[in-house]
Amino acid sequence: MIKLNTVEIIEIIKKQIPKVMNIKPVELKFTDDFGRASLAGTEHKFTLTNQHYSAKVMDCVLETQVRPILMCEIIYFLKCEFIDGHVEVRLDYDASSEGGHEPTASAVITFDHATQLGLEELADLIDLALHMNDKAWFEELSSQYVKTKAGASIR
């Protein structure tokens with residue numbers, strides 16, 4: 001499982017937009033202009049998720065125009081980065097006067113572990129997780145390695 005924050009999500013979108021859309025954004029910014037009344041003066045919090053597939057959640061500022069970015073496009077850009085992953089995006093808005101109007105973005109990418117890796121492949125991935133200092137992935141792979149090894153010795 002991989003967890004991404006607002007900055008990481010924006011960096012991936014910046015990387016993927018030129019590849020997928022063949023345009024170069026000048027600026028990317030989240031918006032609250034997704035078909036509901038303006039947030040100004042409201043005193044509540046709300047969340048957008050993958051279920052809000054067609055909501056406009058970002059503005060992609062180009063040299064001569066502003067192009068909307070929909071939730072489905074953010075999901076797609078993240079899927080382009082993590083090809084075999086299942087992507088769950090969450091935008092938390094705080095519309096209170098003391099909260100900013102920029103959402104806090106997060107994404108969780110999970111992978112189907114139905115594919116059984118051999119001990120050698122798992123050992124290579126464990127080495128990679130160590131090299132990347134990814135403790136969560138290391139622990140996940142180590143656990144899978146122990147289970148795979150125990151299963152192999154029973155057969």
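Are phenylalanine 46 and tyrosine 93 buried or exposed? Both residues are buried, a term for a relative accessible area under 20%, with exposed meaning over 50% and partly exposed in between (1.4 Å probe, protein chains only). The model is predicted, so local features need pLDDT of at least 70 and side-chain atom pairs count only at pLDDT 80 or more, while totals for chains, interfaces and linings use all residues. Residues are numbered from 1 along each chain as its sequence is written, and side-chain values use heavy atoms, leaving out hydrogens and water.

Rings of Phe, Tyr and Trp (its six-membered ring) pair if their centres lie within 6.5 Å; planes under 30 degrees apart are stacked, over 60 edge-to-face, and the rest tilted. The count is two aromatic pairs. One of them joins phenylalanine 46 and tyrosine 93, which are stacked at 4.9 Å centre to centre with 10° between the planes. This pair links distant parts of the chain, 47 residues apart: phenylalanine 46 lies in strand E3 (residues 45–49) and tyrosine 93 in strand E6 (residues 85–94). Strands (E, at least two residues) and helices (H or I, at least four) are DSSP runs numbered from the N terminus.

A salt bridge places a side-chain nitrogen of Lys or Arg within 4 Å of a carboxyl oxygen of Asp or Glu, and there are five. Among them, glutamate 81 meets lysine 15 at 2.9 Å, N to O. Glutamate 81 belongs to helix H2 (residues 71–81) and lysine 15 to helix H1 (residues 6–21), 66 residues apart. Glutamate 81 is partly exposed at 26% relative accessible area. Another salt bridge joins lysine 56 and aspartate 59, with 3.0 Å between the closest N and O atoms; aspartate 59 is buried, at 13%.
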